[in-house]
Amino acid sequence: MATPLSAAAVLAALRAEGVRVVEVGSWRTHNRNAKGAWGPVNGSIVHHTVTKGTANTVALCRDGHSTLPGPLCHGVIAKDGQVHMVGWGRANHAGGGDGNVLTQVVNESYGTRPTAPTKGNANGTDGNSRFYGWECENLGDGRDPWPAAQYDAIVRVQAALCRAHDWSAKSVIGHLEWSNDKIDPKGFTMPDLRADVAERLAHPASWSPGKTTPAPAPSPEENPMAGITKQDIYDAVWKTDQIPAPADAPDIKTNKAWAAQSVLTDVHGRVRRMDATVAAQAAAIKALAAQLGGGADTATIVAAVETAIRDAVIKVDVDINQES
Ligand SMILES: [Zn+2]
């Protein structure tokens, strides 16, 4: 439950989140408040417009049409990522929806997605009083692309609202999750969008992630390690015999900072330490034998130790060679 943000407050929140805002006419006071409640607000709904062209999309969302007066949302998120504010207050965007979904959004109690709605526009709970609404310019046919700038703006707008209200990304739903007679938005999934909103919320509002273009995968000729995961290497290193991995072996599942070669680096460190330990033990035994003096001959003890070490090393060598 929350009191809706003022027009000034939402503008500040959007701009702090890096959203490029276009103020359309008297958007701050353009609303349907005379027709019903506005607030308390519990979340935000993402829509697609089924339109082409930003100017006519913005005009339609501001003015509405013969059977549905505007505003039809609070902001239009255009293909180029600009957000055109067309109204503030009650708007005709959510219509009727599922009260059980509303409860799950209020409590942010669902898992990946809310339960499928069983109510729709005609017979559902009034959503226009409870949700912010964002119309995204797209044909909604599953083929019209979502440019990166537009998708990024969708994420930023939702994150700005969540941050302002101290909500998690679970307060953001798609129209299709609210009403059983809606399919929007189409072209990306709401769980993916919520994950991206959640990632933004883990950073300050000013966060601007660098363009992360994944590096092309090297061919096997260029890199024989291509496609080999750290799990593969871990298994190859620690699971070639019947002896369990040592208790202090790295936990590669939780140690996300590790690269594939980290397993080998770790083993290399262990071998270095082992070499030093064996050398120190050999020296200690030699010194001990010298101190004992009588009884066993010093040279005999040293020779026995050296033979034992050599045999052990050869055995390890043989075991390794059996691998191929
Ligand atoms: Zn919709």
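Start in the middle: select Ile77, Ile154, Val157, Cys162 and Val197, which touch the most other members of the 45-residue largest nonpolar core. A nonpolar core here is a set of buried Ala, Val, Leu, Ile, Met, Phe, Trp, Tyr and Cys residues joined through C-beta atoms within 7 Å. Buried means 20 or more other C-beta atoms within 10 Å of a residue's own, exposed means 12 or fewer, and partly exposed is in between, with C-beta atoms placed from the backbone. Now colour helix α4 (residues 148-165), which gives this core its largest share, eight residues. Helices (H or I, at least four residues) and strands (E, at least two) are DSSP runs, numbered from the N terminus. As a rule, nonpolar side chains tend to be buried together in soluble globular proteins.

Before moving on, two notes. Residues are numbered from 1 along each chain as its sequence is written. What you have open is a predicted model, where local features need pLDDT of at least 70, side-chain atom pairs count only at pLDDT 80 or more, and totals for chains, interfaces and linings use all residues.

Stay with Ile77 and show its contacts (C-beta atoms, placed from the backbone, within 7 Å). Setting aside neighbours within four places in sequence, Ile77 meets Val83, Trp134, Cys136, Glu137, Gln150, Ala153, Ile154 and Val157.

Next, pick helix α3, residues 99-107, where Val101, Leu102, Gln104 and Val105 are buried. Look down the axis of α3: the buried residues line one face of the helix, because they fall within an arc of 165 degrees (taken from the directions from the helix axis to the C-beta atoms). What do the buried residues of α3 pack against? Select β2 (43-48), β7 (96-97), β8 (125-126), β10 (172-174) and α5 (175-178) to see these partners. Just after α3, stop at Glu108, which takes a positive phi of about 45 degrees.

Jump to Met190, in helix α6 (residues 190-201). Is Met190 buried or exposed? Met190 counts as buried because it has 20 C-beta neighbours inside 10 Å. Leaving out residues up to four places away in sequence, Met190 touches Arg113, Ile173, Gly174 and Glu177.

For another setting, go to Val22 in strand β1 (residues 21-23). Val22 has 15 C-beta neighbours inside 10 Å, so it counts as partly exposed. Its contacts, apart from residues up to four places away in sequence, are Gln82, Val83, His84 and Met85. Draw a line from Val22 to His84: their C-alpha atoms are separated by 4.6 Å, although they sit 62 residues apart along the chain.

Now show helices α7 (residues 230-238) and α8 (residues 262-292), which pack at an angle of about 30 degrees with axes 8 Å apart. Axes are lines fitted to C-alpha atoms, for helices over the stretch in contact, and angles run from 0 to 180 degrees between N-to-C directions. α7 and α8 are therefore roughly parallel to each other (an angle under 35 degrees). At the meeting place, Lys230, Ile233, Tyr234 and Val237 of α7 meet Ser262, Val263, Leu264 and Val267 of α8.

Finally, zoom out and colour by pLDDT, the predictor's confidence in each residue, from 0 to 100. The chain's mean pLDDT is 86, and 85% of its residues reach 70 or more. Residues 212-218 are below 50, and this stretch has three contacts beyond near neighbours in sequence.

Key:
Contact = placed C-beta atoms within 7 Å. Parallel < 35°, antiparallel > 145°, perpendicular 65-115°, else oblique.
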